[in-house]
Amino acid sequence: MTTDLDIARAAQLLPLTEIAARAGVSQAAVEPYGRHKAKIDPAFVTGRKAPGKLILVTAINPTPAGEGKTTTSVGLADALNGIGKRTILALREPSLGPCFGTKGGATGGGYAQVIPMEDINLHFTGDFHAITAAHNLLAAMIDNHVHWGNALDIDIRRIVWRRVLDVNDRALRDIVQSIGGVANGYPRESGFDITVSSEVMAILCLANDLMDLQARLGKIVVGYTRSRMPVTAHDLKADGAMAVLLKEAIKPNLVQTIGGTPALIHGGPFANIAHGCNSVIATRLGLDLADYVVTEAGFGADLGAEKFFDIKCRQAALKPAVAVIVATVRALKMNGGVAKVDLAREDVEAIRRGSVNLVRHIENVRQFGVPVVVAINHFSTDSDAEQTVICEAASAHGCEAYVCTHWADGGVGAEPLAHAVAALADKAGGQFAPIYDDDLSLFAKINTVATRIYRAEEAVAEPSVHAQLARWEAAGYGKLPICMAKTQYSFSTDPAVLGAPTGHVVKVREVRLSAGAGFVVAICGEVMTMPGLPRIPAAQGIYLTSDGRIEGLS
């Protein structure tokens, strides 16, 4: 069987100069990283008066059956170019956690991929390493400040800045650090999160430019004094050095799809524990260069799309023209109660039952005033009858669905979808708005997302959580949006509850202030900010051949 890696290796990459020219980027703004990847000077603009139209690709709740959101994003961008629409793709960078864990890489699949696939899925241009270094430099400077006299009077019991690592490692979730004697500092409890959940990652993705990045880094709250006053990275004089480490990482990365579409891949937060969108800088650059920009938000629309609308679009003043919801026959069968081992067998009734998940996402996206279209990502085991049921479910809720074969056929397989998306975008009929106002209390914002997007009865939290939110409101953080962190598999906080549950309760167990990024994180249920590896991690099957080729990467 031909793998995604085989297809990526067989692809004929165009010279990067040609890709830059297709994107409309001046060669003076291109900084090559090898032959087939480059960084773009973020100061480069064309002076265009009217920005392009922003198209968001989101999805139903993910399942082990797969949905193919990135694959569909790539196929749609290739298809739009194929029908004569000047289009750029704007995606997130993959994390090493999924690459060596369960999910695999994030460059698409089949003939709808961004390439060079191996480079993008591994170290790429070093952005994640720079983010990890900047984050951990701040952690080191906190402990160093305490060690050398603690002039800021930091209460070591209230240090909230943990360290990060871009691999899954459950053993580091909770640790005791600085043991071994006086020379090693003051022992305390701490832990590690995965790099994609770092506030530094969020800041890089939401910053307008390098100076804004540095200013946001300075606002990071790392802990509190004994009188409970916040201590920031600027107080520690760490923000300048952190910005220096991120000077190159803030520049968007330029690569290409198998179909020759320019792709800006930059930033990579997860949507279940972070805001899940690529960088504002890359998105704006794409809108400056192209008539259409196809971007994605992580996981299902209840997480990625909600945060795209309520955090990224709010902060960056973006107005999405269309949202595409990706669904598959296989995933909707699982939502209808079919086990993964039985997905190849036709089951129309399971599709009917499972389509409630798709319908819920259609309804939710419409709450933001954004027109919606459905992409059915085709698998070879799908039957016509099953696909028809999905189309009927979408149509019954005023939304057209299109079967897309981009995995097998590249952009040509998504051209019907591309025509529909372009027509919707050109109508400019949407009235986009976030679903809550800045002036709502922080917990009211949490409750709004829980009740309107997750369809919960209510959100609840311990008195200590309410007290913390009240302190942040009193300190001037009350107008910040909320970044919900919960399982991606369900509208509820229980990953086993599929379909479209209602009446459940969303328990907020912890809240974290991301003052530099500009939001408050609400951690719900049992979601982890440092994932663990599965029983048989993908890393066990990845190796080098005698001629230096990588095998096993997916």
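This is a predicted model: local features need pLDDT of at least 70, side-chain atom pairs count only at pLDDT 80 or more; totals for chains, interfaces and linings use all residues.
Residues are numbered from 1 along each chain as its sequence is written, and side-chain values use heavy atoms, leaving out hydrogens and water.

**A pair of helices**
- Helix α13 (residues 348-366) packs with helix α14 (residues 384-395) at an angle of about 35°, and their axes are 9 Å apart.
- Helices here are DSSP runs (H or I, at least four residues), numbered from the N terminus.
- Among the α13 residues that meet α14 are Val 348, Ile 351 and Arg 352; contact means heavy atoms within 4.5 Å.
- The residues of this contact divide into 10 nonpolar, 1 polar and 3 charged.

**An enclosed helix**
- Helix α7 (residues 199-206) is largely enclosed by the rest of the structure, because 8 of its 8 residues are buried (under 20% relative accessible area, 1.4 Å probe, protein chains only).

**Nonpolar cores**
- A nonpolar core joins buried Ala, Val, Leu, Ile, Met, Phe, Trp, Tyr and Cys residues through side-chain atoms within 4.5 Å.
- The largest one has 116 residues, and Leu 138, Ile 220, Leu 246 and Phe 309 have the most contacts inside it.
- Beyond its neighbours within four places in sequence, Phe 309 touches residues including Leu 56, Val 365 and Phe 432.
- A second, separate core has 33 residues, including Leu 91 and Phe 124.

Methods: Axes are lines fitted to C-alpha atoms, for helices over the stretch in contact, and angles run from 0 to 180 degrees between N-to-C directions. Helices (H or I, at least four residues) and strands (E, at least two) are DSSP runs, numbered from the N terminus. Ala, Val, Leu, Ile, Met, Phe, Trp, Tyr, Cys and Pro count as nonpolar, Asp, Glu, Lys and Arg as charged, and the others, Gly among them, as polar. Buried means under 20% relative accessible area, exposed over 50%, partly exposed in between (1.4 Å probe, protein chains only).
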